Amino acid sequence: MHPNIPYAKGPEIIITCGSTDGFAKTIEALSNTWDKNHDRPEEREGLLVEEFSYMNAIQTASPRGLNIVPVNIDDEGMKARDTGGLEDVLENWDESKGKRPHLIYTVTIGQNPTSGTLSVERRKEIYALCCKYDIVIIEDDPYWFLQYPSARSSRSASRAVQESRRAAPGTRNFNAPNSSGYPFLDSLVPSYLSIDIEGRVVRLDTFSKTVAPGSRLGWITAQPALCERLLRITETSTQQPSGFVQSVIAQMIVGPHDPNGRGGATDDAGWETDGWVRWLEGLRGNYERRMQTMCNILESGKRLVKSGRRRSMADDWSVVETVSMYDFVWPLGGMFVWIKLNFETHPLWKEVDHEKLSHGFWVHLTTDKYLVLVAPGSMFATTEEIRVGKSWSYFRICFAAVDEPDVAKTSHRFVEGCKSFWRKKNVGDIEESVAMGLDDTFNWIQR
């Protein structure tokens, strides 16, 4: 899958009980635990992360005492330059907070939750900084196969904006002059492994997004010396993933060990690599259609016509005024749309606490009329400062969580929920939504 890894004898691979297990073993191998009750502050090690991140990883690292250090993001993902970018964080590191971080955890394709997809150009910038400051990159890439070539052109067409010159998925053979042997795989934005000339990338993959969630089977690709250490950790912890799961997936792809067994193909043979790649390409197409459906509906519905019309000086026409309720990024990969609610355009912006307004909106969407459950940005804020400062503006919507025919219905209900919430003009209406609290939400989830 990655034909251009510049290791003399190639990389090594070790199987895991999914990406989170792989991440836990990697940080165990590459970091020391720290306890505020026993260790000095300057001994504390750090982990660099996107400012909004997959919280299972953060919750795995935090008990080890690692200092969680956020790096600012943009539409692509982690920023290399500018204020709050990786270079700024490292150059201006305050040693009173502990050691300068030596690890990065990053999701580079369809980042969870922001959906950012990191270009090759940005990867090279970040990799150069990691070489300069001796940082290991832990690349968690569960959505690598789910890259959407159509997203950028659709965004440009719907918003009349010029496309970025940075190469997007599907625009060229990223593996040239080498090839994986499969045009689909060659069209995907490549891993950090493809530029890893110093052996400082640990890549995490999983079957959970391409076969079945909860399969708890994945693999690590890294330099052989590190995989040997990870193997020793595995031998004294999980030992190996479930043998049953391994056999199911192996039989589906490779074929049955028993001549009378059943594989994944229609003739009961295994898919083999050709069939596996066809499955992945078909899966990508299915999710890409869902993404297009959701984003087109969100795009057309993001502006609300104000109830009144401003009269012109002449009486034969009037001005229709609109407000933007939200903005979002068309995802180039993954399963999510990251939405920023423009609460400053809400009629009660100056009268209601901003976190309360956001919570009221979240509860409002879960009422019987809309039945939409979005993930609030606070779930993904990596520090308390980010949670309080701006996480209340953001929500994550998943287009992979419902059947394809229901994506349009759910998206329309989200838009209508936004419009009805923006028409609330009494503080009491917001208080009522907040007062409904979590109980009604949990009752709805249990239906």
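A: A charge counts as sitting over a ring if NZ of Lys or CZ of Arg is within 6 Å of the ring centre and within 35 degrees of the ring normal.

Q: Which ring does R203 lie over?
A: R203 lies over the face of W144, at 5.2 Å from the ring centre. R123 lies over the face of Y192, at 5.4 Å from the ring centre.

Q: Where do these coordinates and residue numbers come from?
A: This is a predicted model, in which local features need pLDDT of at least 70 and side-chain atom pairs count only at pLDDT 80 or more, while totals for chains, interfaces and linings use all residues. Residues are numbered from 1 along each chain as its sequence is written, and side-chain values use heavy atoms, with hydrogens and water left out.

Q: What is the mean pLDDT of the chain?
A: The mean is 90, and 90% of the residues reach 70 or more. The term pLDDT stands for the predictor's confidence in each residue, from 0 to 100.

Q: Where does pLDDT stay under 50?
A: It stays under 50 over residues 441-447. For that stretch the model has 10 contacts beyond four places in sequence, a contact being heavy atoms within 4.5 Å.

Q: How many helices and strands does the chain have?
A: The chain has 13 helices and 15 strands. These are DSSP runs numbered from the N terminus: helices are H or I with at least four residues, and strands are E with at least two.

Q: What about the overall dimensions?
A: The C-alpha atoms fill a box of roughly 80 × 65 × 45 Å, taken along the principal axes. With 447 residues, a compact globule would have a radius of gyration near 22 Å, and the 24 Å of the chain agrees with this. The radius is taken over C-alpha atoms, and the globule rule is 2.2 Å times the number of residues to the power 0.38.

Q: What percentage of the residues count as buried?
A: Of the 447 residues, 53% count as buried. Buried means under 20% relative accessible area, exposed means over 50%, and partly exposed lies in between (1.4 Å probe, protein chains only).

Q: Back to rings. How many aromatic pairs does the structure hold?
A: The structure holds 23 aromatic pairs. Rings of Phe, Tyr and Trp (its six-membered ring) pair if their centres lie within 6.5 Å; planes under 30 degrees apart count as stacked, over 60 as edge-to-face and the rest as tilted.

Q: Why is the pair of F343 and F361 edge-to-face?
A: The ring centres of F343 and F361 are 6.0 Å apart and their planes stand at 80°, so the pair is edge-to-face.

Q: Which aromatic cluster do they belong to?
A: F343, F361 and W422 belong to one aromatic cluster, whose members also include Y326, W349 and W392.

Q: New topic: how many disulfides does the structure hold?
A: The structure holds zero disulfides, a disulfide being a pair of cysteine sulfur atoms within 2.5 Å. The sulfur of C130 is 7.1 Å from the closest cysteine sulfur, in C131, which is too far for a bond. C227 is in no disulfide either, as the nearest cysteine sulfur, that of C17, is 15 Å away.

Q: Are C130 and C227 buried or exposed?
A: C130 is buried, with a relative accessible area of 0%, and C227 is buried, at 4%.

Q: Which peptide bond is cis?
A: The bond from N112 to P113 is cis, with omega near 20°. P113 lies in the loop between β4 (103-106) and α4. S115 is also placed in the loop between β4 and α4, and has a positive phi of about 70° although it is not a glycine.
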